[in-house]
Amino acid sequence: MKIYNTLTRQKEEFVPIEEGKVRMYVCGPTVYNLIHIGNARPMIVFDTFRRYLEYKGYDVNYVSNFTDVDDKIIKKAMEEGVDASEISTRYIAECKKDMESMQVLPATRHPLATEEIGGMIEMISALIEKGYAYAAADGTVYYRTSRFADYGKLSHKNLEDLQAGHRDIKVTGELKEEPFDFVLWKPKKEGEPFWESPWGQGRPGWHIECSVMSKKYLGETIDIHAGGEDLIFPHHENEIAQSEAASGREFARYWMHNGFLNIDNQKMSKSLGNFFTVREISEKYDLQVLRFFMLSAHYRSPLNFSAQLMESAKNGLERIITAAEALKRFSDARKAAGEMTDEEQKLYQASEAYQKKFESAMEDDCNTADAVSAVFELVKFINTNASADNSSQFLQKLHDRLALLCGVLGIVTEKEEEMLDSFIEQLIQERQEARKQKDFARADQIRDELAAKGIVLKDTREGVAWKRA
Ligand code: AMP
Ligand code: ZN
């Protein structure tokens, strides 16, 4: 399988560090509002990539954080006159609802920055000790970019050029040595959340959280680090500088970045105000349509959001679901009627070509656009070759093939129940993990979440059993 690696600017064969396992980190959203459909793009495309890795048999440890301490969260908390944690807790819950509606599987773990402060203080201390960081007189700790020889390797920027261009614009009041030195720890301001540290009360910078959470949950060197292309510089460049200086090892082997979702050919962003929230879209469309729309383009291409493209995604999706339903209906009507004929065997074998085509597309840097085309070809094949006159085995097998490929794309062709099973099992696994980490609050929260959906858990000696109440 080939992945386009931002680090080397070319497609490379994917070789995991450990055979059969993938450690992957995807930068998650800052939670101060409902997520917009631009934020949904990395969630959907990297969830699809993860599903394909799992389809190939990899055991994927997929970690995606929530940034729950940040200027924007604090500002919103002040506006509402509540604690910052109330804002972040609210929007994490809302984000998880949107993710579920978009069929984005829960990550193996969703760490929160505010729960990892100890690890951040440790890493910052190590960086100071090694000369890669310094504390200024006001309690701010900065990263000394000039000390890290590889600075710029991901974004392909040359630090000397960057520095030269910025030498004159030193912001008054800042105590950094060089303009590109960035904040690892900042002193508290009145009314802001803060933590104790060797440099006084304060809070961490944004970049350090991902370095620390990635290391804690995936190890010092991971296979894949991903996010939107706006994160290449400075966020991911700074993560590399922090992590590699602290550990002396390579941080991530493959860097994947999604292109931007635009609107009227302009970048969709909260600051420009030209965005739709996922929730708004859900009032008009099933969010599977949004997912399908995103997957109809290559993840690295810019994608323009328009009503017309959403309508065409809706129609395409309907075509697929109609074919799947027809197969089910025909086969249900013929439950007792047996095995495939020789002719059907041949046809079924011929349909494998579409699965192969799907796989080749996904093997080529997760080309979901071509994978979707392969699914459409399979649908056309089904519409031409399957009818109520076929054997139930043939119908069932074609149905399974279609559902399997749709499952990789996160498109549900089945009645709701079957898809929900996988969500339930993911959540149970996450709860077990939380218990192992002694995060009982999270474990209870998951149990309650499931209970609200009528799922009852029972701890048995063999593990957790569940049933619908
Ligand atoms: P933020 O909450 O701004 O840190 O963004 C969370 C994730 O969404 C990051 O991976 C961003 O790169 C990504 N993102 C934000 N806006 C867009 C957009 N318009 N198109 C694609 N990805 C985006
Ligand atoms: Zn990050």
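What follows is a short exchange about the ligand, the metal site and a few residues elsewhere in the chain.

Q: Before we start, what kind of model is this?

A: This is a predicted model.

Q: OK, which residues come nearest to ligand 1?

A: The shell around ligand 1 has 16 residues, and those that come nearest are Thr 30, Gly 228, Asp 230, Leu 261 and Met 268.

Q: What polar atoms does ligand 1 have beside it, say from Asp 230?

A: An oxygen atom of ligand 1 lies 2.4 Å from a polar atom in the side chain of Asp 230. The side chain of Asn 39 also has an N or O atom 3.3 Å from an oxygen atom of the ligand.

Q: How do the shell residues divide into nonpolar, polar and charged?

A: Seven of the residues around ligand 1 are nonpolar, eight are polar and one is charged.

Q: Switching to the metal: what coordinates the zinc ion?

A: The zinc ion, which is ligand 2, is coordinated by the SG atoms of Cys 27 and Cys 210, by NE2 of His 235 and by an OE atom of Glu 239, at 2.0 to 2.7 Å. Along the chain, these donors follow the spacing C-x182-C-x24-H-x3-E.

Q: Why is the arrangement around the zinc ion called irregular?

A: The four donor atoms subtend angles of 68 to 127 degrees at the zinc ion, and the arrangement is irregular because of that range. For four donors to count as tetrahedral, all angles would have to lie between 85 and 135 degrees.

Q: Where do His 235 and Glu 239 lie?

A: Both His 235 and Glu 239 lie in helix H7, which spans residues 232–247, and they are four residues apart, or about one turn of the helix.

Q: Is His 235 buried or exposed, and what about Glu 239?

A: His 235 counts as buried because its relative accessibility is 0%. Glu 239 is buried as well, with a relative accessible area of 0%.

Q: Staying with helix H7, where does Pro 234 come in?

A: Pro 234 has its place in helix H7, and the peptide bond that joins Phe 233 to Pro 234 is cis, with omega at about 5 degrees.

Q: What about His 257, which side chains does it make polar contacts with?

A: His 257 is found in strand S10, residues 252–258, where its relative accessible area of 5% makes it buried. Its side chain has a polar contact of 2.7 Å with the side chain of Thr 6, and another, of 2.8 Å, with the side chain of His 236.

Q: Changing topic, which residues other than glycine have a positive phi?

A: Gln 103 is one of them, with phi near 60 degrees, and His 156 has a positive phi of about 60 degrees too.

Q: And where are Gln 103 and His 156 found?

A: Gln 103 is in the loop between helix H3 (84–101) and helix H4 (117–129), and it is buried, given a relative accessible area of 12%. His 156 has its place in the loop between strand S6 (141–143) and helix H5 (159–166), and at 34% relative accessible area His 156 is partly exposed.

Q: Last one: how far apart are Asp 364 and Glu 12, in sequence and in space?

A: Asp 364 and Glu 12 are 352 residues apart in sequence, while their C-alpha atoms are 9.7 Å apart in space. Asp 364 itself lies in the loop between helix H11 (342–363) and helix H12 (368–385), where a relative accessible area of 31% makes it partly exposed.

Terms used. Residues are numbered from 1 along each chain as its sequence is written. Chains are lettered from A and ligands numbered from 1 in the order in which they are written. This is a predicted model: local features need pLDDT of at least 70, side-chain atom pairs count only at pLDDT 80 or more; totals for chains, interfaces and linings use all residues. Side-chain values use heavy atoms; hydrogens and water are left out. A residue is near a molecule or strand if one of its heavy atoms lies within 4 Å of it. A polar contact is a pair of N or O atoms within 3.5 Å; within protein, one must be able to donate a hydrogen and the other to accept it, and residues adjacent in sequence count only if both atoms are side-chain atoms. Ala, Val, Leu, Ile, Met, Phe, Trp, Tyr, Cys and Pro count as nonpolar, Asp, Glu, Lys and Arg as charged, and the others, Gly among them, as polar. Donors are N, O and S atoms within 2.8 Å of the metal (3.2 Å for Na, K and Ca); water is not among the atoms, so sites may look incomplete. Four donors count as tetrahedral if all angles lie between 85 and 135 degrees; four count as square planar and six as octahedral if opposite donors are over 155 degrees apart and all others between 65 and 115; anything else is irregular. Helices (H or I, at least four residues) and strands (E, at least two) are DSSP runs, numbered from the N terminus. Buried means under 20% relative accessible area, exposed over 50%, partly exposed in between (1.4 Å probe, protein chains only).
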